[in-house]
Amino acid sequence: MTEKEQNIYKNFLLVAHLEGISFLLLLGVAMPLKHFFKLPLAVSLAGMVHGVLFIAFCAMLYQMLVQVKWSFWKCTKAFILGFLPFGTFFIHKLD
């Protein structure tokens with residue numbers, strides 16, 4: 001892997017981990033705040049942050065496909081991991 005590809009991969013892992021953290025916060029903190037304490041604003045804010053990070057995750061996953069030459073199957077598996085709680089923390093295991 002070239003230095004440029006390594007930098008893209010490191011940035012992708014960073015965004016993937018941030019997306020995973022935002023997903024866990026949405027599920028584990030914001031949703032209980034909404035349902036148990038009647039604070040729907042928590043889901044609105046956490047959901048927006050998670051949505052932006054998920055879009056960035058998808059954009060960087062496309063970059064991994066095109067520039068780093070990940071296979072379509074590997075990108076598909078990474079995309080599926082993006083929908084699972086704790087999933088994005090295991091993307092590095094795809095190598």
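Helices here are DSSP runs of H or I with at least four residues, while strands are runs of E with at least two, and both are numbered from the N terminus. Residues are numbered from 1 along each chain as its sequence is written, and side-chain values use heavy atoms, with hydrogens and water left out. This is a predicted model, in which local features need pLDDT of at least 70 and side-chain atom pairs count only at pLDDT 80 or more, although totals for chains, interfaces and linings use all residues.

Begin by selecting residues 3–37, which form helix 1, a run of 35 residues. From first C-alpha to last, helix 1 reaches 48 Å, close to the 51 Å expected at 1.5 Å a residue (the expected span is 1.5 Å times one less than the number of residues). Look along the helix to leucine 26, where helix 1 bends by about 35°; the bend is the angle between axes fitted to the seven residues ending there and the seven starting there.

Next, select glutamate 19, which also belongs to helix 1. Is glutamate 19 buried or exposed? Glutamate 19 is buried, where buried means under 20% relative accessible area, exposed over 50% and partly exposed in between, with a 1.4 Å probe and protein chains only. Glutamate 19 has no salt bridge, and the nearest side chain of opposite charge, that of lysine 74, is 17 Å away. A salt bridge requires a side-chain nitrogen of Lys or Arg within 4 Å of a carboxyl oxygen of Asp or Glu; Lys and Arg count as positive and Asp and Glu as negative, while His and the chain ends are not counted. Leaving out residues up to four places away in sequence, glutamate 19 touches several residues, including His50, Phe57 and Thr88, a contact being heavy atoms within 4.5 Å.

Now move to isoleucine 91, in the segment after helix 3 (72–81). Isoleucine 91 is buried because its relative accessible area is 0%. Beyond its neighbours within four places in sequence, its contacts include Phe12, Phe57 and Trp70. Isoleucine 91 and phenylalanine 12 are 79 residues apart along the chain, yet their C-alpha atoms are separated by 9.8 Å.

Finish with backbone angles, remembering that most residues other than glycine have a negative phi. Select lysine 69, in the loop between helix 2 (40–66) and helix 3, where phi is positive at about 65°. Then select phenylalanine 86, in the segment after helix 3, whose phi is also positive, near 70°.
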